[in-house]
Amino acid sequence: MPQVAEEARGPVAALERIAFLLERSREPDYRVRAFRTAARVLSALPEEEVRRRADAGSLEALKGVGPKTAQVAREALAGQVPGYLEKLLGAADAPLARGGERLRELLRGDCHLHSDWSDGGSPIEEMGRTAAGLGHEWAVLTDHSPRLTVARGLSPQRLREQLDAVARLNATWAPFRLLTGIECDILADGSLDQEPELLERLDVVVVSVHSRLRMDAGAMTRRMVAAVRDPHADVLGHCTGRLVTGRGRPESQFDPDEVFAACAASGTAVEINSRPERLDPPRRLLRRAVAAGVLFSVDTDAHAPGQLDWQGYGCARAEECGVPPERVVTTWSREELLAWTREGRTPAGVASR
């Protein structure tokens, strides 16, 4: 995990860091929310007022600040590393997954993350700031497309508004850059769920199946092949749709060799989804994708800032299954990535589309 040198410099930074570490370790949402809410409440106040309230013992009187978060704030204001933060930092020294360290060091970005514009839990600015803090040179904002209403998918108008919002943020973030993108639903006939003109404007398009996951294998194969062949498609997201934790969800049935051959021919990368409940594709399919000669994208599919550090899970599986690092698009520079998505050009030593 990247080192952060300013753990105790200010109550807001300490509260945000605790929330990040709780998200990273997959703690319940309500626990994370307590620290993020307190951080936002305190960040809206003048520093002098926060200190005055801390001295007077009245931080807890603020809506959204409880006894535990107030204690963290008081310890940080005293110049200490808060005890709760110190405990979490000690636990975070252990890697999330064994293996994949070499690939993890090579990564420069992440092609799949969500904000509170769709079903993510944090603002775009917070997601981008965290990605930069983890050492990413770039990351791609990929909120959902319109028909995924359960995830507040973006209408064409809302997506246009988001493009303007990202442009304003990027004006202040150099050298880090948040690239524009979408996680676009693959509709039942294989078409993509967004206006082609808008897809053309985006830097990266991730295409994923979110509906009718138990479709007949033949129909699902045709659906996925049509999608990855679409000239706007750049990355095939969580290809089987499986969930391996909780109640779980079985893999969608399709012909992986046909789908991966279409990916290889069209230059569409296969995502190695790092979410612990997905870990998609399964190892047996990941090895077949390697044999097919596809490109790969090791992504977090993060819906919260702390989840942006989950790429280690995907890197471990990629290394175990023999994924060539040079074929992982998230190891490429921003210029190399955009040359690929816009012009189909890949870096030297990597076969082009």
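**View 1. Val 270 and the residues it touches.** Leaving out anything up to four places away in sequence, Val 270 touches Leu 236, Phe 260, Cys 263, Pro 281, Val 294, Leu 295, Phe 296 and Ser 297, where contact means heavy atoms within 4.5 Å. This is a predicted model, so local features need pLDDT of at least 70 and side-chain atom pairs count only at pLDDT 80 or more, while totals for chains, interfaces and linings use all residues. Numbering starts from 1 along each chain as its sequence is written, and side-chain values use heavy atoms, with hydrogens and water left out. Val 270 sits in strand β5 (residues 269-273); helices (H or I, at least four residues) and strands (E, at least two) are DSSP runs, numbered from the N terminus. With 0% relative accessibility, Val 270 counts as buried (under 20% relative accessible area; exposed is over 50%, partly exposed in between; 1.4 Å probe, protein chains only). Val 290 is 20 residues away from Val 270 in sequence and 9.7 Å away in space, C-alpha to C-alpha.

**View 2. The largest nonpolar core.** Among its 43 residues, Val 207, Met 224, Leu 236, Val 259 and Phe 296 touch the most other members. A nonpolar core here is a set of buried Ala, Val, Leu, Ile, Met, Phe, Trp, Tyr and Cys residues joined through side-chain atoms within 4.5 Å. Helix α10 (residues 217-229) gives the most to this core, 5 residues. Not counting residues up to four places away in sequence, Val 259 touches Thr 221, Met 224, Val 225, Val 228, Leu 236 and Phe 254. There's also a second, separate core of 41 residues, including Val 32, Phe 35, Val 72 and Leu 134.

**View 3. α2 meets α4.** The two axes come within 10 Å and cross at roughly 55°; axes are lines fitted to C-alpha atoms, for helices over the stretch in contact, and angles run from 0 to 180 degrees between N-to-C directions. That makes α2 oblique to α4: under 35 degrees would be roughly parallel, over 145 roughly antiparallel, 65 to 115 roughly perpendicular, and the rest is oblique. On the α2 side, Ala 34, Phe 35, Ala 38 and Leu 42 make the contact, with Lys 68, Thr 69, Val 72 and Ala 73 from α4. After α4 comes Gly 79, with a positive phi near 85°.

View 4. In α5 (residues 83-91), the buried residues are Tyr 84, Leu 85, Leu 88 and Leu 89. They cover an arc of only 135° around the axis, so they lie on the same side of α5; the arc is that of the directions from the helix axis to the C-beta atoms. These buried residues pack against α1 (11-24), α2 (29-43) and α4 (67-77). Turned away from the buried side, the other face carries exposed Glu 86, Lys 87 and Ala 91.
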